[in-house]
Amino acid sequence: MANPKLFTHPCIHRYEGNPVMTCKDVPYPSTLVFNAGVIRYQGRYAMTFRNDYEHISQAKFAGTNIGLAFSDDGIHWKVEPQPVFALQDKEIVRAYDPRLTDVEGQIYMTFAVDTRHGVCGGIAKTDDLHHYEMVSLSVPDNRNMVLFPERVNGMYMRLERPMPVYSRGRDQFDIWISESPDLVHWGNPHLLLAVEDFPFANDKIGPGAPPLRTDAGWLIFTHTVDIDPTRGKNGWEDRWIKRYCIAVALLDLNEPWKVLGYSKVPLLAPETDYETTIGFRTNVVFPTAALRMDDNIIRIYYGAADTVIAFAEAREEDLIQLCLKGE
Ligand code: BMA
């Protein structure tokens with residue numbers, strides 16, 4: 001039997017001008033523009049985004065790099081003339097899915113790194129968003145790493161998503177939290193949220209946006225995945241049986257490994273044409289940034305159908321209540 005249809009929660013509203021960035025905005029080879037880190041930068045907004053270029057076949061592209069764009073309002077973006085980040089050598093295949101965090105005045109980008117010996121999580125630092133210095137790379141298999149914007153009890157904190165294929169089986173993957181004195185040495189890991197916590201996920205979950213501080217706790221936006229073998233041809237691939245939704249959770253401010261509550265229904269489920277039918281991988285909404293706007297509105301940026309960048313907004317208080325009440 002097919003999985004049930006999932007719906008977006010009424011507390012969140014998509015921007016009616018979505019998508020806010022597509023490959024048409026990019027002045028260099030570009031096919032898919034999605035999964036972007038967004039921060040406030042020098043009174044404006046800055047974004048680093050994943051760019052897959054030159055479609056070869058099915059899920060194959062000639063390459064992936066990371067582009068940079070600026071905006072006055074977070075809606076209309078101007079892309080810099082050249083990509084700003086790419087990793088490739090004998091061992092490293094590519095870097096992708098960047099997230100940006102301003103940690104106490106220093107900007108860091110976290111990203112996934114495909115290597116010939118597994119998928120790792122990378123952390124780099126930058127002062128100008130054009131130049132990056134590697135800080136650390138995790139052991140495989142790990143990705144979807146995001147940094148907290150401030151230290152907690154003197155320690156840097158990150159959310160991450162190891163992939164315990166051997167013990168849990170493909171793809172029962174969960175969200176973990178760990179800490180570091182210097183962003184290089186990471187330890188004291190705790191399981192934060194497991195895939196089976198979410199009634200609408202049966203596959204895997206992973207961190208999305210870097211945590212956002214509220215008076216009630218850290219708000220985190222995660223992706224949740226359900227698979228349905230009855231799904232077949234979809235997007236550009238012969239077979240794609242996953243659906244990605246967005247969920248929200250609230251963590252204790254001082255002990256962020258304690259979950260205060262989380263949504264038992266999706267916050268955002270793929271519903272619009274740019275999330276469900278137009279694009280490479282349909283039925284994907286993948287959160288990667290959350291910013292507080294005026295009037296305590298939270299704006300969540302997400303990749304849609306692995307093809308474009310969109311955002312949706314909700315009141316901070318509604319998101320907190322959704323976490324505390326569950327639905
Ligand atoms: C994940 C990552 C993301 C992508 C998502 C949906 O595993 O590869 O980059 O957005 O799948 O395809």
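**Pocket linings**

Guide: The lining of the largest pocket comprises 20 nonpolar, seven polar and 15 charged residues. Here Ala, Val, Leu, Ile, Met, Phe, Trp, Tyr, Cys and Pro count as nonpolar, Asp, Glu, Lys and Arg as charged, and the others, Gly among them, as polar. The model is predicted: local features need pLDDT of at least 70, side-chain atom pairs count only at pLDDT 80 or more, and totals for chains, interfaces and linings use all residues. Residues are numbered from 1 along each chain as its sequence is written, and side-chain values use heavy atoms, leaving out hydrogens and water.

Visitor: How much space lies in the largest pocket?
Guide: About 980 Å³. A pocket is an open set of points on a 1 Å grid over the protein atoms alone, where a 1.4 Å probe fits, with protein on both sides within 12 Å along at least five of seven lines; lining residues have an atom within 4 Å of a point. Points are joined across faces, edges and corners, and the volume is the space filled by probe spheres set on them.

Visitor: And which residues are closest to its centre?
Guide: Of the 42 lining residues, these are Arg50, Arg94, Tyr96, Arg143 and Arg281.

Visitor: Which strand gives the largest share of that lining?
Guide: β4 does, with six residues; strands are DSSP runs (E, at least two residues) numbered from the N terminus.

Visitor: What about the second largest pocket: what is its volume?
Guide: About 320 Å³. Among its 17 lining residues, Pro149, Pro211, Leu212, Ala290 and Leu291 lie nearest the centre. β19 supplies the largest share of this lining, five residues.

How values were computed: Helices (H or I, at least four residues) and strands (E, at least two) are DSSP runs, numbered from the N terminus.
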